[in-house]
Structure formats: structure tokens, C-alpha cells
Amino acid sequence: MKQSLIFSKTLKQAPKDEQSVNARLLTRAGFIDKLSAGIYSFLPFGLRVCQKIENIVRQEMNEIGAQEILMPVLQPKSIWDVTGRWQKFAGKEMFKLKNQANKDYTLGWTHEEVITPLMQKFVLSRKDFPVFVYQIQDKFRDEIRAKSGILRTREFIMKDLYSFHTSENDLDKYYEKVKKAYFRIFKKIGIDKQTYLCLASGGSFSKYSHEFQTITSAGEDVIYICENCGMAINKEIKTEHLKCPECGKTKFRQEKAIEIGNIFKLGTNYTKPFDFKFIDKDGTRQPVIMGCYGLGITRMMGAVVEVFNDANGIVWPENIAPYQIHLIQVGDDLKVKETAEKIYKGLLKQGKEVLYDDRKDKRPGEKFADADLIGIPLRMVVSKKTVEKNSVEIKYRNKNKVELAQIKELGKLGR
């Protein structure tokens, strides 16, 4: 993509109303734009990052046998009345609205009330179980204090997976499978070393659940990490666990963290109200058992920026960077321009993702500053000096070293 064609622009200064690192850098670098508190547009760079995260998540969900669907954002009050949650969340985080016929609806921030009766229509025999269904969907939550950039917003993108089982044992097995899939996702995204499995309160579903917490000073949560095995405990339940529930040791370190995902064993909390049952081998009708597994797409994007940045801007991990290579043309010399264009087209033919800074109205220093701010993993500079040596100057965003590479060898660089 030629940078001169991209409508979004970098900013020299971050908006004064943004305090978090992720909001300041993503806004300055032209990834997002704030419409209102907790409501953001994702611009071309930002959308590319989101889509890359989504594709990593989608690949791993498919690997564990989940089928992708897309459920409605707009949900009628009637399904929430079945579970009693319409009144339970009255005046809380649910957005509620009425249509022209004065009927009540909500904008979905969770989909248990949608997925349960949906599966009930199609999953009719015990031979159909287990079944696993997920979506990647816009969610809406009426946050009283939307803050921390894209970490806590009123509109966000989330992956939610639901599993349906005929036994607790089967749920337990799949629950463990999802844990492993999540850590494969974190590894591909680049935050596995900063992310911990964390024991948390189960809320109304079960005594305990699990969160996935990414360590960063911007975190709103406090967790205690076992120094022996790496299992973490949320501060909310730490007083119940003087010893690590995993290994029994008592030495912990305290950290601030961002919750980027959670998993719950829902049991029959939703299947019973909808009378979703199966007939067991003895001919008895039994309630279906559920699990749910959430992962914040936009929240992971924000967490990555909080973890990977420096004084000059964002430092994107390679798998989710908007582009692999930032090609920069320095100077308007005809030979420089022709060489840069040839390199650009050659890299595209090789399947590389290239952002080509062909802008004529920017000085070299401005282009380099923008490259650092945007944070693409590999920078290539074409100048009069490099052209004379049949080379380009290369620099990896996470390193200080600058070196020359022969033009004929460029195909070996980047992913």
C-alpha cells in the first residue's frame, strides 16, 4: 500500500483527553479515532491489526472443533426474561432500547440467551453432543467510566465460544482444550510470556472461573503469581488461597494486569430455564451442560500496545503488525524513485505486506519518526546513497542496529 493514498494521518501530539498509552499511541499513529468516550473508529492500520488477531483466533477455534456463526446484536427482552437477567441487570451495563412498537430490546454484551435456544432447535439427539459454536462479534456495554483507550470501551469486538455437553467430565476435557488453544493464540500474537492463567471468582455460575491476565503497569486488576509454577490468583479471591491451588507453594509476587479473556463452566444455568435437555442412555431427560469462553479482540490489541512500545512509538509483534515491511523512499532523485518502485513491486510479487512511504511532502526525519510511531517490524530505506551500492538500509523496529542489504537479497527478509 502506498502511504500517500492512505487517508488517515499521524499526529505530532496525542489528544489531551487520552491518558492511556494504547489510546495515545494508536491515535497518534493513525490506527483509531475517538468518536465519544469508549467509542472508537478503527482506521485502515487498526482494522488490519484487528483482522489479523481475529484470523489467529479463528484458526485456533477451528482447530478445536468449533463452528463459526454470527448472532444478532439486537436481542428482544423476552429471551432475557426467561433467565431473569433483564431485571437483574436493570440500570447496570445493559444498553436497553424500545422500537417503534414500544417493545423492549437490548444491544448484546453477551449471548447466552441467544445461543441456548438456538442450539435447542438443532441439537436434538445425545449423539449430536458435544457441540462447540463461536462468533466474533461487536459487543456493547454501558460502562459508567469508559477509560483506558480500547481496553475498556462501550463498543468492542469479542470472540465468544459456547460448548454443549452431556456430562461434567466431557465439559472438563473441553475446558482444558480451550485453555491450551488460548495460549497458542497468545504465543502467535506475541504476548504469551506476559500472560498468565488466573483463578478468579465464578460469579453466579460456579465457585471459580479462570481469567487470562496480561502483565502491564496499565492493568486495572491485581494478581498474585506463584513463583514456583506460574499459576495466578486474582486479588478478589487471594484471601481464600494462602497456598497456590496448583502446586501448594506459598510464595507469590504481585503484579498489575489486564484481563484479556475468561472461561466459565456455566453448568445448567442457562439450559434449565430454556428446558434444553437430552435423553440419556437410560431414557431420562437431562439438562444440557454448558461452558463459555470469551476473548477480547480489541482488548488484546490494546494490551499488545501497552506491552510493546518505547519512547518513539509502537513496536508491533510480527504476526499482527499492519504490514511486514515499511519501505521508505528518501529524496526525489529519479533513480531513487525508480529503484524504490521496483523494490515495492518485487516485494508485493513475493507475497510480502508492504507499506511504501512514497510521500513527497515529508522530510526524511518525518518519515523515520512516523515509521517508529507506526511500529512496523522491518524498515527499508531507499536513498541516493543506498542506490549507489545496489542496497537498501534495513532496521528492525525492536533493534537499534542499522545495516545495508543487497537489493537482490531482499526477498529473504521479513516473513
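Select E306 first, a residue whose place is in helix α7; helices here are DSSP runs of H or I with at least four residues, strands are runs of E with at least two, and both are numbered from the N terminus. What you have open is a predicted model, in which local features need pLDDT of at least 70, side-chain atom pairs count only at pLDDT 80 or more, and totals for chains, interfaces and linings use all residues. Residues are numbered from 1 along each chain as its sequence is written, and side-chain values use heavy atoms, with hydrogens and water left out.

Is E306 buried or exposed? E306 is buried, with a relative accessible area of 8%, where buried means under 20% relative accessible area, exposed means over 50%, and partly exposed lies in between, using a 1.4 Å probe and protein chains only. Now show the residues that E306 touches, not counting those up to four places away in sequence: S20, V21, N22, L151, T216, A218 and I258. Contact here means heavy atoms within 4.5 Å. If you then select E143, you will find that E306 and E143 are 163 residues apart in sequence and 21 Å apart in space, C-alpha to C-alpha.

**From α7 to α1**

Colour helix α7 (residues 297-307) and α1, whose axes come within 8 Å of each other and cross at roughly 95°. That makes α1 roughly perpendicular to α7, because angles of 65 to 115 degrees count as roughly perpendicular, while those under 35 count as roughly parallel, those over 145 as roughly antiparallel and the rest as oblique. The axes are lines fitted to C-alpha atoms, for helices over the stretch in contact, and the angles run from 0 to 180 degrees between N-to-C directions. On the α1 side the contact is made by V21, N22, L25 and L26, and on the α7 side by M301, G302, V305 and E306.

Stay with α1 (21-28) and select N22, A23, L25, L26 and T27, which are buried. The cover over these buried residues includes α7 and α9, together with the strands β1 (32-36), β2 (39-42), β17 (309-310) and β18. Just after α1, look for G30, which takes a positive phi of about 80°.

**Helix α9**

Select helix α9 (residues 364-374) next, where K367, D370, A371, D372, L373 and I374 are buried. Which elements do the buried residues of α9 pack against? They pack against the helices α1 and α2 (44-63), and against the strands β18 (313-314), β19 (325-329), β20 (354-357) and β21 (378-382). Just after α9 comes G375, with a positive phi of about 85°.

Move to helix α2, where E60 is found; E60 is buried, with a relative accessible area of 4%. Leaving out residues up to four places away in sequence, E60 touches A181, R184, I185 and K188. Select V73 as well, and you will see that E60 and V73 are 13 residues apart in sequence but 24 Å apart in space, C-alpha to C-alpha.

Then go to E341 in helix α8 (residues 334-349), which counts as buried at 17% relative accessibility. Apart from its neighbours within four places in sequence, E341 is in contact with K2 and Y356. E341 and A371 are 30 residues apart in sequence and 18 Å apart in space, C-alpha to C-alpha.

**Stops in the loops**

Find P130 in the loop between α5 (112-122) and β7 (131-140), and display its backbone, where a cis peptide bond joins F129 and P130 with omega at about -5°. In the loop between β5 (95-98) and β6 (104-107), N102 has a positive phi of about 65° although it is not a glycine. N102 counts as exposed, at 54% relative accessibility.

**The whole chain**

Finally, zoom out to the chain, which has ten helices and 23 strands, and whose C-alpha atoms fill a box of roughly 80 × 60 × 45 Å along the principal axes. Buried residues make up 51% of its 415 residues. Among contacts between residues at least 6 apart in sequence, 67% join residues at least 24 apart.
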